[in-house]
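Colleague: I'm new to this one. Could you walk me through how to read a few of its features?

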Amino acid sequence: MNIETRKYKIIQKVMQSSDEQLAKIEEMLKEESELEVKLEKAMQQVREGKVKPHSEVRKRYEKWL
């Protein structure tokens, strides 16, 4: 099944969904958008060097591992 057919099938399902189902779809899309924002922020921190290597963090917390 090609991408256009898949998109059309999704649109059909959304058009036939109940209010409750639509609310769940909206929440899922909102959460996905929020995740994308958080991931972009994290990647920006990596680019700016605001992260510590795993080995350094592991040494710091070794006594609890």
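This is a predicted model: local features need pLDDT of at least 70, side-chain atom pairs count only at pLDDT 80 or more; totals for chains, interfaces and linings use all residues.

Colleague: How many salt bridges does a search of the whole structure find?

Modeller: Side chains of opposite charge can pair when their charged atoms come close. Here the search finds five salt bridges (a side-chain nitrogen of Lys or Arg within 4 Å of a carboxyl oxygen of Asp or Glu). One of them joins Lys 24 to Glu 20, with the closest N and O atoms 3.7 Å apart.

Colleague: How far apart are Lys 24 and Glu 20 along helix 2?

Modeller: An α-helix has 3.6 residues a turn, so residues three or four places apart point the same way. Lys 24 and Glu 20 are four residues apart in helix 2, about one helical turn (helices are DSSP runs, H or I, of at least four residues, numbered from the N terminus).

Colleague: And which way are the rings of Tyr 61 and Trp 64 set?

Modeller: A pair of aromatic rings is described by the distance of the centres and the angle of the planes. The count comes to one aromatic pair (Phe, Tyr and six-membered Trp rings, centres within 6.5 Å; planes under 30 degrees apart are stacked, over 60 edge-to-face, the rest tilted). The centres of Tyr 61 and Trp 64 are 5.7 Å apart with planes at 40°, so this pair is tilted.

Notes: Residues are numbered from 1 along each chain as its sequence is written. Side-chain values use heavy atoms; hydrogens and water are left out. Helices (H or I, at least four residues) and strands (E, at least two) are DSSP runs, numbered from the N terminus.
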